[in-house]
Amino acid sequence: MADTPLRILIVDDEAPARRRLRELLDDCGSVLPLAIIGEAQHGREALDLMQNAPADLVLTDIHMPDMDGVELARHVLKLSHPPVVIFTTAFHEHAVQAFEVNAIDYLMKPIRVQRLLSALHKIPRLRPVTAEKLAQLPATARRFLSVTERSRVVLVPIDEIVYLKAELKYITIRTPDREFLLEESLTRLEEEFGARFVRVHRNCLVARDAIRGFERRVTADGDAHWEVLLRGVPDALPVSRRQQFIVREIGRDSTGQ
């Protein structure tokens, strides 16, 4: 019985680079059974393709518009059968030290057929790279968070998120349209997106540009506290005593608007 072909997805924003990889893979096909399931110009397009056409291997460039290769590698871990990811890069050697330290495979451009064939032979023995290792790579903050719904990976754009609220083992992602459930650390999200979100409570981060003001509330027993008022959603979130400085820092003059 013939060996099952290795299913490969090519991801690169430059058409000549994709064409070059396809030609190299064609050469490798005489030695190793493989099938190119498709091509994508960026990470989001690649993820869409893999929802319907599973891949064993993703050969992806690192710097791409919309979603780069490192972010793509983080999101594919949410797939039911995550592929192995090998990065293709034109980085100078000193810039790929993080890949070597974390034992993450990469191919330097221009890619040589023998180096590619060597990488392909290793695939059956490799496991998808972990989120912890990917977090050590040089990369910009993600443009999306990914959640799993009905066995599909759904991307939530960061710039659409109003707030992130930790509840038990999950984080509620709130957008103007709906809520999503995410399994991540609120502290790590704050570290990654600290320029965009501000902590209003130990369990809640709010998008700075979603804040329309603050309002002081007094409970029936006389306890007074601040609440942050938000654009796009009716929710009013409590500001903890420890975080009350943000009322002055972000703009107390907007209170009650």
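I began with helix α1 and listed its buried residues: A17, R18, L21, L24, L25 and C28. They cover an arc of only 125 degrees around the axis, which puts them on the same side of α1. The arc is taken from the directions that run from the helix axis to the C-beta atoms. Buried means under 20% relative accessible area, exposed over 50%, and partly exposed in between (1.4 Å probe, protein chains only). Helices (H or I, at least four residues) and strands (E, at least two) are DSSP runs, numbered from the N terminus.

I noted what I am looking at: this is a predicted model, where local features need pLDDT of at least 70, side-chain atom pairs count only at pLDDT 80 or more, and totals for chains, interfaces and linings use all residues. Residues are numbered from 1 along each chain as its sequence is written, and side-chain values use heavy atoms, with hydrogens and water left out.

**Helix α1, continued**

I checked the length of α1 (residues 15–28). At 1.5 Å a residue, its 14 residues should span 20 Å, and the end C-alpha atoms are 20 Å apart, which agrees. The expected span is 1.5 Å times one less than the number of residues. Next I asked what covers the buried residues of α1. The cover includes β1 (6–11), β2 (34–40), β3 (57–61), β4 and α5 (113–122). Contact means heavy atoms within 4.5 Å.

**Helix α2 and M50**

I turned to α2 and found G43, A46, L47, M50 and Q51 buried. Seen down the axis, these buried residues fall within an arc of 145 degrees, so they line one face of the helix. They pack against β1, β2, β3, α3 (69–76) and β7 (152–157).

I picked out M50, which sits in α2 (residues 43–52). M50 has a relative accessible area of 6%, so I logged M50 as buried. Leaving out residues up to four places away in sequence, M50 touches L9, A55, V58, L72, V76, L79 and P83.

**Aromatic rings**

How many aromatic pairs does the whole structure hold? My search found three. Rings of Phe, Tyr and Trp (its six-membered ring) pair if their centres lie within 6.5 Å; planes under 30 degrees apart count as stacked, over 60 as edge-to-face and the rest as tilted. F87 and F99 are an edge-to-face pair, 5.4 Å centre to centre with 70 degrees between the planes. F87 lies in strand β4 (residues 84–89) and F99 in helix α4 (residues 97–101), so the pair ties together parts 12 residues apart in sequence. Both F87 and F99 are buried. With Y106, they form one aromatic cluster.

**Cysteines**

I looked for disulfides, meaning a pair of cysteine sulfur atoms within 2.5 Å. The count is zero.

Most residues other than glycine have a negative phi, and most peptide bonds are trans. I wrote down the exceptions I looked up. A cis peptide bond joins K109 and P110, with omega about 0 degrees. P110 is in the loop between β5 (106–108) and α5.

R150 is not a glycine, yet its phi is positive at about 50 degrees. S151 also has a positive phi, near 65 degrees. R150 lies in the loop between β6 (144–149) and β7, and S151 lies in the loop between β6 and β7. Are R150 and S151 buried or exposed? R150 is exposed at 80% relative accessibility, and S151 is exposed at 69%.
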